[in-house]
Amino acid sequence: MMVSESGDLQADRSEPGRQAAPIAAERQSVMPRGGEAVAPSEALRVDGVSKSFGLVQALYRVSLSVDHGEVVALVGDNGAGKSTLIKVISGVIVPDEGQLYVNGERVVVRSPNDAAQCGIRTIHQDLALADNLDVVENLYLGRELFRGVGPLRRLDFAAMRQRTAAALLELGIGTISNIRTPMAQLSGGQRQTVAVARATLENCPILLFDEPTASLGLKEARHVIELVQRLRAQGTAILIITHNMRQVFEVADRIVVLHLGKVGAVLRPSSTTPEVVVRAIMGKAP
Amino acid sequence: MSEPVSPAAHPLDEIPPRDHARPTDRLVSFAKRWLSAALSQGTAMPAIASLVIIAVFFQSQSQYFLSPGNLSNLAVQATLVAIIALGEIFVLLLGDIDLSLGSMAGASAALLGVMITNGHMPWLLAIFIMLAFGALLGSFQGWWIAWLGIPAFVVTLAGNMGFLGLQLYILGPNGTLGIFDPNIAALSGTELPVSVGWILAAIVGVAVVASTLVRYARGGVAVRSLSRPVVVGVLIVVAVAVFNASRGVPTPFLILIALLVVAWWVTMNTSPGRHLFAVGGNAEAARRAGVQVKRIRMAAFAVSGTLGAAGGLIAASYNGSAGTLTGGGTLLLEAIGAAVIGGTSLFGGRGSVWAALVGALIMSGVENGLDLMNSDQPVKYMVQGVIVLLAVSLDTILRRRQSRGRQLGAAIA
């Protein structure tokens with residue numbers, strides 16, 4: 001939902017034992033445009049987002065941006081805050097402070113519905129699928145197709161099945177032989193392909209991938225990487241979390257390293273090496 | 001190149017390649033696949049098989065069990081339990097439970113008695129108000145559960161006691177209100193004329209066949225699914241023939257079927273209906289997909305309350321009064337048992353509204369059969385208890401199998 005300049009994301013919280021100066025420098029490097037100036041190609045901007053769970057500071061004033069037609073890889077060690085950041089952007093959790101901008105306009109995302117209406121779709125690490133529903137119903141959950149009018153308005157299962165089959169074919173997914181199979185009967189890799197298909201079913205301008213290839217075989221992982229490249233070519237802004245360094249260097253235009261809830265470094269694959277990225281992940285100077 | 005993805009209509013539509021196995025082996029293999037599909041999808045087929053076994057057993061014990069007159073009585077007996085069970089299914093699909101439906105039926109019946117007997121209100125208006133009263137009570141509970149996150153067990157347990165108090169308060173010091181309105185009495189004490197029964201059966205049969213053919217033409221169902229309207233048609237003809245051999249189709253049973261058809265349509269063809277299953281399967285996944293989980297939960301309790309009130313209406317009509325015992329006794333437990341026996345999971349996300357009918361017929365059939373065998377009440381309670389225990393055990397085993405299958409799938413991947 002496009003909601004301008006409202007909500008409680010503005011609250012400024014004091015830093016619990018964090019260093020402020022390096023953050024400012026990191027923000028400069030993450031957002032070279034800086035300040036309030038917004039480039040026309042910028043699809044998503046996260047500005048100063050913090051989130052704590054009790055005494056644990058999961059994110060502290062994290063800022064980054066993703067342009068249209070750009071893939072930004074979000075890397076970091078376990079507990080660095082990658083999934084928390086994805087959940088904030090996708091509306092699953094509400095941040096303590098910070099702002100989100102979509103196409104340069106401030107938006108308030110307080111629920112997954114808000115994110116979807118801003119054009120943000122997500123593949124979550126836990127896939128977020130209903131095991132008792134079949135592939136078609138999971139793909140269209142929350143955005144079902146209808147036919148008929150008035151009290152006789154009903155779900156259009158035939159259209160949803162046809163489009164699901166077409167979407168899976170387009171993704172090159174051939175491991176699911178029956179799209180009416182309940183999710184509980186699918187393997188981990190099949191479930192992940194369904195989650196990918198669900199996120200890419202509509203041409204969303206912003207896609208968030210949280211470990212999209214974690215459970216996939218080589219063939220399916222290759223399809224997903226090719227899909228990411230294809231979507232980038234179409235102008236989609238993609239923020240992707242992955243631990244696979246080879247994939248990072250294959251698809252990313254920029255690499256944002258999170259360390260203990262803060263942006264540790266921003267690197268370009270063309271001018272860095274996997275060793276440098278790993279050092280940044282471990283919190284050492286690149 | 002990847003294999004094509006087929007939009008097959010049913011797991012059974014995946015026909016394995018023909019082999020040279022013996023016909024008996026193939027039959028056993030088909031039976032296994034049918035049972036596996038039926039169990040995993042939470043259909044009422046195992047319960048229907050149980051119903052057949054019960055019918056055969058009690059007919060062997062008493063020649064009157066399958067007589068038209070007894071089956072007609074059985075249908076009327078099962079109606080009240082089935083309506084309450086239907087209300088229960090709406091919340092069971094979410095993985096919640098409603099322990100207040102019995103006293104909600106009682107409170108609603110008491111309100112009806114006051115409106116009809118003391119207030120001399122027109123019967124249709126009184127029914128409308130009592131159903132709205134049930135919806136209000138259900139919504140009230142749903143608000144506590146959905147918005148405050150209080151477990152349904154606790155809220156509806158409190159509701160059970162609170163609504164019982166409300167029922168006694170509405171009834172006043174006399175404790176019983178006679179309801180002598182002939183229209184209210186007709187809801188449970190009349191039957192359709194024989195000719196009307198057949199005409200209705202013909203209309204419903206033609207509608208079912210036409211609907212299936214239209215869906216087939218649109219590519220919405222597979223060839224094998226075309227057998228379904230045939231089965232439904234045969235069931236309708238047999239049921240109407242049996243009822244007409246007695247006194248005609250009982251009105252309360254007709255009301256139950258109408259409620260079931262509407263509930264089936266809502267749960268299978270509308271997004272709020274499908275969202276019930278999604279929330280029951282994985283509430284967080286549904287929330288992340290944009291489903292309004294809180295609204296769905298509150299709506300389910302509102303529907304449940306409305307059906308609780310409808311149960312109160314049938315009970316008041318059947319008894320000709322609203323009293324302190326209306327909606328009490330073992331009604332609620334029988335309804336929950338019927339829903340679970342019919343194939344609705346206590347853990348949410350699996351089941352069908354038809355479970356209310358099949359489960360209620362099993363519960364009432366066992367009671368009726370034991371009555372014909374001159375069994376005592378303690379024996380009846382114990383047998384019903386064993387049946388409920390077996391149904392819940394089956395549900396738990398299925399859930400465990402499903403979970404194990406998923407873990408295995410993840411491990412393989």
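Analyst: A definition comes first: axes are lines fitted to C-alpha atoms, for helices over the stretch in contact, and angles run from 0 to 180 degrees between N-to-C directions. In this predicted model, helix H2 (residues 82–89) of chain A runs at about 150 degrees to strand E9 (206–210) of chain A.

User: What does H2 of chain A lie across?

Analyst: H2(A) lies across strand E3 (71–76), E6, E9, strand E10 (237–241) and E11 of chain A. These strands belong to an open sheet of 6 strands with mixed pairing, in the order E6-E9-E10-E3-E11-E12 of chain A.

User: Why are strand E6 (120–123) and strand E12 (262–267) of chain A called edge strands?

Analyst: Each of the two pairs on one side only, and pairing itself asks for at least two bridges found by DSSP between two strands. From one strand of this sheet to the next, the twist averages 20 degrees.

User: How do you know that strand E11 (residues 254–259) of chain A and E12(A) pair?

Analyst: The requirement is at least two bridges, and E11(A) and E12(A) have 5 bridges between them, in the antiparallel sense, so they count as a pair. Within E12(A), Lys262(A) is the residue that stands opposite His259(A).

User: What makes a residue of chain A count as buried, and what percentage of the residues do so?

Analyst: A residue is buried if 20 or more other C-beta atoms lie within 10 Å of its own; in chain A, 52% of the 286 residues are buried, and in chain B 44% of the 413 residues are. As for secondary structure, chain A has 9 helices and 12 strands, while chain B has 16 helices and 2 strands.

User: How do you know that domain 1 and domain 2 of chain A are in contact?

Analyst: Contact requires C-beta atoms within 7 Å, and 10 residues of domain 1 of chain A are in contact with 11 residues of domain 2 of chain A. On the side of domain 1 that touches domain 2, helix H7 (residues 218–233) of chain A gives the most, with 5 residues. That side divides into 6 nonpolar, 3 polar and 1 charged residues.

User: Which residues form the domains of chain B, and what does the contact between them take from each?

Analyst: Domain 1 of chain B covers 47–190 + 250–327 + 353–395, and domain 2 covers 192–249. Their centres, taken over C-alpha atoms, are separated by 25 Å, and the contact takes 8 residues from domain 1 of chain B and 7 residues from domain 2 of chain B. Helix H3 (68–92) and helix H10 (251–269) of chain B each supply at least two residues of the domain 1 side, with the largest share, 4 residues, coming from H3(B). The residues of that side divide into 5 nonpolar, 3 polar and no charged.

User: Where in chain B is the predictor's confidence lowest and highest among the helices named?

Analyst: Confidence is given by pLDDT, from 0 to 100; in chain B it is lowest in helix H1 (residues 23–40), at a mean of 65, and highest in helix H5 (residues 123–147), at 97. Chain B averages a pLDDT of 86, and 85% of its residues score at least 70. Over residues 1–19 of chain B, pLDDT stays under 50, although the model has 40 contacts beyond four places in sequence for them.

Note on methods:
Residues numbered from 1 in each chain as written. Chains lettered and ligands numbered in written order. Predicted model: local features only at pLDDT ≥ 70, side-chain atom pairs only at ≥ 80, totals over all residues. Buried ≥ 20, exposed ≤ 12 C-beta atoms within 10 Å, placed from the backbone. Contact = placed C-beta atoms within 7 Å. Nonpolar A, V, L, I, M, F, W, Y, C, P; charged D, E, K, R; others polar. Domains from an automatic or database assignment.
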